Amino acid sequence: MTAATSAALSMSPPTPVAVTGIGLVTPAGIGADDTWKGVCAGRPTAAADPGLAGLPVTISCRVPGFDARTQVGGAQPWRYDRFTHFALTAAREAVRDAGLDPASRDWPAARVALVLGSAAGGVGTYEQQHRKLLTTGHRSVSPLTLPAFLPNMAAGQLAIDLGVRGPVLHTATACASGATALATAAMLLASDACDIAVAGGSDAMITPLCVTAFARAGALSHRLDDPPAASRPFDATRDGFVLAEGAGVLILERAADAAARRAPTRALLTGHGSATDAHHPVAPSPDGRGLRAALRQALGRAAATPADVAHVNAHGTGTPLNDRTEASALHGLFGAADPSVTSAKGVLGHTMGAAGAIEAALTVLTVQHQLAPPTANFHTPEAHTAVLDVVARTARRQRIDLALSVSCGFGGHNTVLAFTPAPRPLGAPPAGTPSPTRPGPHLDPAS
Amino acid sequence: MDDVLQHLVTLLTDKFDVPADAILPDSTLTDMDLDSLAVVEFAVTLQELWHIDLDDDAAADITLDDLAKTVRGLLSEQSGTAAP
């Protein structure tokens, strides 16, 4: 064990955290099941977006068939921005999935925390109301503008909707926001600030200004004539990401508490690491310094070594620079251990501050089902990405005892989350020592 | 029900999600669970739709019938603009 991992361990004794519920709203569907199916099938969701007509990039990954009125009924959805609609929908699913009922007397409101990440909050509302101010004057500006667009308001509205009275906060680390929310929630649980944490990320940034600004910065794919092929993480011909929207929410509890209430544990969050490049506002450090530090911290907290990692759900945006730097950092740390690597962004596009939470939920499902989803559109590696074992074309069944979810964001933020399979249920026969080729104990043959 | 009242009812059900059975001639916007921000939003919406300046301070606690009367008055004050 290195000095760095020893330091990480001594800083924070590991508190295994159970993931007892997940909820997803993504371009692959509304709900964790539809999203998991779409991601495992490797079906890209990018499509022409009529709402972006006349802008430099006219493709996006939208959540299909999302109607706030039916999805968020009863909560006055007309008052909220779309990013709050997504967060409410995902959070309610996650809470149900965990077998919790906020309306019941058992819901420990004061001991529930809520941490919701978002890169841009209600930027769509902000743009729309600002346009009204400029075009039709101040009398046409909605009084609901601030409660709709302030970035903390998804967290605030979720607290009202679910009756959460413990610590409630918003995390903003750009595209790592959702992962930062989960790491923060794990720390709140470890410090006994709460017993249950509702944590995740949400963003709805497919807006005229955001699309234009990303396009002007050269970050978006220009494969406008062939949208399904546009998002191609780690592929030699990648040319940028496709902007997406969505939300992911996970329910976290200390593993001992989850076991005590016989909660349906999907996986354990056994480690997390956060470190910063301190290098450049938007470009990753060329040596992947912050990312490597975050990876080592997560492994340290999980009491694991690089050789233990079977799978990595990468940040993999599909921009030339991100994927090159990430591939080098992963290869530099894992070397011959060579875990399988995937990026869900080939299917889902880049959901911004939601990505870290959505991909964490997908990593939970990956260890639960012992199935690594493919990277859509990954066909031809180039020198920098050929060092990785990228899962291509079809999902791969493999034994996964430890998987990492990696997130990076503008600002030089890096966060890594470590997941392991849930402990076997009480009364189950001992696991023994499965051979390396045997599927893990949580394999679901139906999936 | 005249056109103005019908439009107000449609606005309350479609935009503000007020249940149809809560909309009565003698209910106020406050009775229909519109808080102060929602009442201002209601006034802004009428401003956008019909270009009338409804006083939101006065709008919250008058009955729907009186509200329709007020809106009718504001519409007829507008020269050259037909009622919706």
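Where is T89(A) found? It sits in helix α4 of chain A. A caution before going on: this is a predicted model.

Let's stay with T89(A). Is T89(A) buried or exposed? Take the cut-off for buried, which is 20 or more other C-beta atoms within 10 Å. T89(A) has 25 other C-beta atoms within 10 Å, so it counts as buried.

What is T89(A) in contact with, leaving aside neighbours within four places in sequence? The list is V25(A), I30(A), Q71(A), V72(A) and A247(A). There is also a distance to note, to G31(A). T89(A) and G31(A) are 58 residues apart in sequence. In space, C-alpha to C-alpha, they are 8.6 Å apart.

Next, strand β1 of chain A, residues 17-26. How many of its ten residues are buried? Ten of the ten are, so the strand is largely enclosed by the rest of the structure.

Now its partners. Strand β8 of chain A, residues 245-254, is joined to β1(A) by eight bridges. The two run antiparallel. To find the pairing in the viewer, look for I22(A), which stands opposite L250(A) in β8(A).

Strand β9 of chain A, residues 267-276, is joined to β1(A) by three bridges. Again, antiparallel. Here V17(A) stands opposite L269(A) of β9(A).

Then there is strand β2 of chain A, residues 29-30. Two bridges pair it with β1(A), in the antiparallel sense. T26(A) has G29(A) of β2(A) as its bridge partner. How many residues lie between β1(A) and β2(A) in their hairpin? Two.

One more helix in chain A: α5, residues 123-136. Its 14 residues reach 20 Å from first C-alpha to last. That is close to the 20 Å expected at 1.5 Å a residue. V123(A), G124(A) and T125(A) are buried in α5(A). What do the buried residues of this helix pack against? Four elements of chain A: α4 (82-97), α6 (145-149), β7 (196-204) and α9 (208-216). Just after the helix comes G137(A), which takes a positive phi of about 95°.

Over to chain B. Helix α4(B) covers residues 64-77. At 1.5 Å a residue, its 14 residues should span 20 Å. The end C-alpha atoms are 20 Å apart, which agrees.

Which residues of α4(B) are buried? L64(B), L67(B), A68(B) and V71(B). Viewed down the axis of α4(B), the buried residues fall within an arc of 100°, so they line one face of the helix. The face turned away from that buried side carries G73(B), S76(B) and E77(B), which are exposed. On the buried side, the packing is against α1 (3-14), α2 (36-50) and α3 (56-59) of chain B.

Last item, a helix pair. Two packed helices are described by the angle between their axes and the distance between the axes. What are those values for α1(B) and α4(B)? The axes come within 9 Å and cross at roughly 115°. The crossing is right-handed. On the α1(B) side, the contact is made by V4(B), L5(B) and L8(B). From α4(B) come L64(B), L67(B), A68(B), V71(B) and R72(B).

That's my list. Over to you.

Notes: Residues are numbered from 1 along each chain as its sequence is written. Chains are lettered from A and ligands numbered from 1 in the order in which they are written. This is a predicted model: local features need pLDDT of at least 70, side-chain atom pairs count only at pLDDT 80 or more; totals for chains, interfaces and linings use all residues. The expected span of a helix is 1.5 Å times one less than its number of residues. A residue is buried if 20 or more other C-beta atoms lie within 10 Å of its own, exposed if 12 or fewer, and partly exposed in between; C-beta atoms are placed from the backbone. Two residues are in contact if their C-beta atoms, placed from the backbone, lie within 7 Å. Two strands pair if DSSP finds at least two bridges between them. The arc is that of the directions from the helix axis to the C-beta atoms. Axes are lines fitted to C-alpha atoms, for helices over the stretch in contact, and angles run from 0 to 180 degrees between N-to-C directions. A crossing is left-handed if the near helix is turned anticlockwise from the far one by less than a right angle, and right-handed if clockwise.
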